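Q: Please take a close look at one strand and its surroundings in this structure. Then connect that part to the rest of what can be described.

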Amino acid sequence: MLEVKNVSKTFNTASGPVHALKDITFKVNTGEFVSIVGKSGSGKSTLLSILGALDTPTDGSITVDDTAIEKLSGHQQTKYRGKKIGFVFQQYNLIPNLTALENVVLALEFGGYPATSRVDRAVKLLESVGIEEDQQHRRPTRLSGGQQQRVSIARALANEPAFILADEPTGNLDSATGKKIFDLLHDLSRNQNTTIVVVTHDLDIAGKTDRTFTIVDGKITTK
Ligand SMILES: Nc1ncnc2c1ncn2[C@@H]1O[C@H](COP(=O)(O)OP(=O)(O)OP(=O)(O)O)[C@@H](O)[C@H]1O
Ligand SMILES: [Mg+2]
């Protein structure tokens, strides 16, 4: 269970405060697949970063299975992310000097996966998102945007996270590949009880998730 209570986030900028999130409250049940939609700049990525303990709220609390994550120490938050969360970044954030395969292997290493089977598992994960063998051995700059996006999804799935937080995971994919990724996520929520929160502009995808939240100007308007 993921519980967001009265969360606000204000960024202080040279031209004054930006109220990116305003008093957001919602719950996501274990194994639920929810989507977040909203215009550019409405606060979607900010919310996802806070759920993933990549950023802290200015106000309010995020409780994950009875742990208030904003109260954890930096070290504990790192552990929380590594163990529980698979994060798909809007800009992928792959490590540029590692190949696709090495990016996924590194995630498995961080997750404490046994050294002898890391490469096998990484290959399987990459195959599951349609990254072929010759692509697995290329660095991110030698892959298309959609291929990088799929590598970042494979990396997020590496350690069988309890939560997948994905920022526009199909934003750079054609509709057939996007559907394949959606089906993969859907399958994880149904069969592994993985809790999934996706930010998407694709209303087709949003319509197929269990619930859709709409953010307008930092506020949740539908639940
Ligand atoms: N580090 C930051 N410093 C200052 N303002 C920020 C920062 N990060 C985000 N913002 C502002 O907060 C608001 C929400 O940004 P956010 O990135 O969450 O939007 P978004 O809904 O993800 O948009 P998009 O669909 O374009 O990705 C925007 O007004 C943005 O300019
Ligand atoms: Mg965003």
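A: Strand β6 (residues 85-88) pairs with β7 in the parallel sense, over four bridges. Strands here are DSSP runs of E with at least two residues, helices are runs of H or I with at least four, and both are numbered from the N terminus. Two strands count as paired if DSSP finds at least two bridges between them. This is a predicted model, in which local features need pLDDT of at least 70 and side-chain atom pairs count only at pLDDT 80 or more, while totals for chains, interfaces and linings use all residues. Residues are numbered from 1 along each chain as its sequence is written, and chains are lettered from A and ligands numbered from 1 in the order in which they are written.

Strands of a sheet pair through backbone hydrogen bonds, either parallel or antiparallel.

Strand β7 covers residues 163-167, and five of its five residues are buried, so the strand is largely enclosed by the rest of the structure. Buried means that 20 or more other C-beta atoms, placed from the backbone, lie within 10 Å of the residue's own; 12 or fewer makes a residue exposed, and anything in between partly exposed. In a regular strand the side chains alternate between the two faces of the sheet. Both faces of β7 are covered, with F163, L165 and D167 buried on one side and I164 and A166 buried on the other.

Together with helix α7 (residues 175-191), strands β7 and β8 make a right-handed β-α-β unit. Right-handed means that, with the strands pointing away from the viewer, the path from the first strand over the helix to the second runs clockwise.

Elsewhere, four strands form an open sheet in the order β2-β1-β4-β5, with antiparallel pairing. Strands β2 (16-28) and β5 (67-68) stand at its edges, each with a single partner strand, so one side of each is left without a neighbour in the sheet. Nine bridges join β1 to β2, and V7 stands opposite I24 in β2. A hairpin through two residues links β1 to β2. Strand β4 (residues 59-64) is joined to β5 by two bridges, and V64 has T67 in β5 as its bridge partner.
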